[in-house]
Every structure is written in structure tokens, then in C-alpha cells.
Amino acid sequence: MLADRQLLLKLITIVPIGAAFFGFVAGFFFHWNIFSHANKPLAYKPPVAEPSAKPSPVLENTPKPLPESYKGKVFMNVALAPSQKVVALTFDDGPLGGPSEKILKILKDNNIKATFFLIGRNAQANPGLVKKIYADGHVIGNHSWSHPYNRHTRAGAQAEIEKTSDIIASITGVRPNLFRPPGGLMHTGLAEYAKSQKMGIVLWSADSVDYRTRNSPARLIRNIFKSVKPGGIILMHDGGIRRANTSEALPMVIKRLRQESYKFVTLPALIAMDSKLPKKYIAHINKSVDKPKMVTAKTF
Ligand SMILES: [Zn+2]
């Protein structure tokens, strides 16, 4: 009887202490688990190939390898002779349901192939659109995973770029070899990493400034025509935020460029034209490689 009472007293004392201790330990791990993940930088783990996975079908616009003269190089345009009236339309920050679909329809109606620089997390969220962009014959470039403007370590830059290439390759079967740094910023670590991986680093020579939503379609057209030239790379957006000005301006941009005898090509096709030129036209690309021009940061 006395032993039972002592046992009961012990239990009354030990059980709550034990429960409190267990609660503390469990609470600590739960807390650590949540917060350690919330602040973790983007990490890169190469995907593991599944042995049973069938190879992706090769589509008609499977890009050729980047020419040696463009590997790890930064360029704003491709130097063409004044008589070679060719430009590349480029669209950044997508894919995004609505804007990307409208732009794809305009391009298809006009039989134009363009280049889309996709944000990795947007590609992951909209795989159907990524497939459509590629199936329509457009070229897909890498525009980072999360569009950051801050300085990155090499591991952080690797994660931003490789995760994006992985998701694009898993959807289209083709790994991008062109990179456009978010905001055109050359010193955040991302362009440096892309350069080390021998990607071509693409800026632009004519900016529509469509990321300022207050800019009217007419203003976008004026901005483009201020600096359009043979071999030019035109910057527009199909993602980031829902803007109507780009898709409103695009048919007029195409019409006016055609009136001025311009033809439209993808970036790899534009680059391929460069290799046919005499040395004097190529010189200026090499100049921009050594001293990449700093471009003012923009909202998207
Ligand atoms: Zn962007």
C-alpha cells in the first residue's frame, strides 16, 4: 500500500516533467525545421536521370551548339552589314497565362519565330506554356529562377541558372545555351557564372520600355524605332506582371518593321548570320565582351 502510494507520487512528479521535456524537444525541432528552411538560399542539386525515362522527342527548332565566338561572351546586338535588315524579337519574364498566349498568337499569325527568356519558377508553374512556346518553333533562353537583383555567391548563381535550365530541359528536351541576366545586371554573380559555363550572355540594343505599365503602345513603338538597326535585339516582356501595352503594340511593331524591309529571326539564327561576315563587323562584339556595358536596373 505504502509502495503503491510512493509509486503514484513518483508518477505524478515524473510524468508532467517528462511531458514538458518532450514538448520542449519537439517544439525546438519544429521551430528549427520551419525557420531553417524559410531562410535557406536556393540550393542546386543536379537532377537524377531515371533509367526508364524515354528520351524527349526532338522538335524542329532544336538549337545547334553555340558558335565558339559566342561561348561565354556578352553581346547587345549582332554586327551585320547595313543592308542585312534582320532583327530578333525577345520576350522576357514569362511564361504567364494571358500575356504569353496573346503574344504567341500574334507571332503565329505573322509567321515569326522569336526568343523567349523564361524565369525558372514561372516555367515550373506553366509547363504547358513552355511546351507551346517551343512547339511553335521559338527559342527558349534562361532568365534565372527568381529574377534576383542582389549579389549572389557562386553556389547561389549556379542554383538560379541550373535549376532554370533543368526545368526547361525537362519540359522541352533542350537545355538553353543563352542567358539574359535579370535587369541586364552584369555584376550580381549570375552573368559571371553563365560566362564560366560558356553560355552566350544576351543583352539588347533596342528597349521597348514596356515594363513601365504607364507607357502607351505608341510610346513602346517610338522607343523601339529610336534604336532599331540591322542585327538588333529588341527587348519586350510577356511575363512579370500582366501588361496589355506589349501585346497591343506588337502587331504595329511588326507592321512597321516590315514596312522598313526588316525580317525576324531567333537569336541563334541571328548569331549564325554573324559568322558569315567579314572581320570588321565582328570586331565590335569582342569590344563589348571585354567591357560589358552596364545597363540600368529595371523593374522587370
Ligand atoms: Zn526580366
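How many bridges join β2 to β3, and do these strands run parallel or antiparallel? Three bridges join them, and the two strands run parallel. Strands pair here if DSSP finds at least two bridges between them; strands (E, at least two residues) and helices (H or I, at least four) are DSSP runs numbered from the N terminus.

Before the tour, some ground rules. Residues are numbered from 1 along each chain as its sequence is written. This is a predicted model, in which local features need pLDDT of at least 70, side-chain atom pairs count only at pLDDT 80 or more, and totals for chains, interfaces and linings use all residues.

**Stop 1: colour by confidence.** pLDDT is the predictor's confidence in each residue, from 0 to 100. The chain's mean is 82, with 73% of its residues at 70 or more. Now select residues 22-39: pLDDT is below 50 there, and the stretch has zero contacts in the model beyond near neighbours in sequence. A contact requires C-beta atoms, placed from the backbone, within 7 Å. Where pLDDT is low, the predicted coordinates should not be read in detail.

**Stop 2: β3.** Select residues 115-118. T115 and F117 point one way, F116 and L118 the other, and all are buried. Buried means 20 or more other C-beta atoms within 10 Å of the residue's own, exposed 12 or fewer, and partly exposed in between, with C-beta atoms placed from the backbone. F116 is the bridge partner of F91. To get from β2 to β3, follow the chain through helix α2 (residues 99-109), a right-handed β-α-β crossover; with the strands pointing away from you, the path from the first strand over the helix to the second runs clockwise. β3 also runs parallel to β4 (residues 139-142), with four bridges, and F117 has G141 as its bridge partner.

**Stop 3: β8.** Next, pick residues 232-237: six of the six are buried, so β8 is largely enclosed by the rest of the structure. β2 (residues 86-92) joins β8 in parallel through six bridges, A88 partnering I233. β7 (residues 206-207) is also parallel to β8, over two bridges, with A206 partnering I234.

**Stop 4: α7.** The chain crosses from β7 to β8 through α7 (residues 217-227), again right-handed. Show L220, N223 and I224, which are buried. They cover an arc of only 95 degrees around the axis, which puts them on the same side of α7; the arc is that of the directions from the helix axis to the C-beta atoms. Among the elements covering them are β7, β8 and α8 (245-259).

Terms used:
Contact = placed C-beta atoms within 7 Å.
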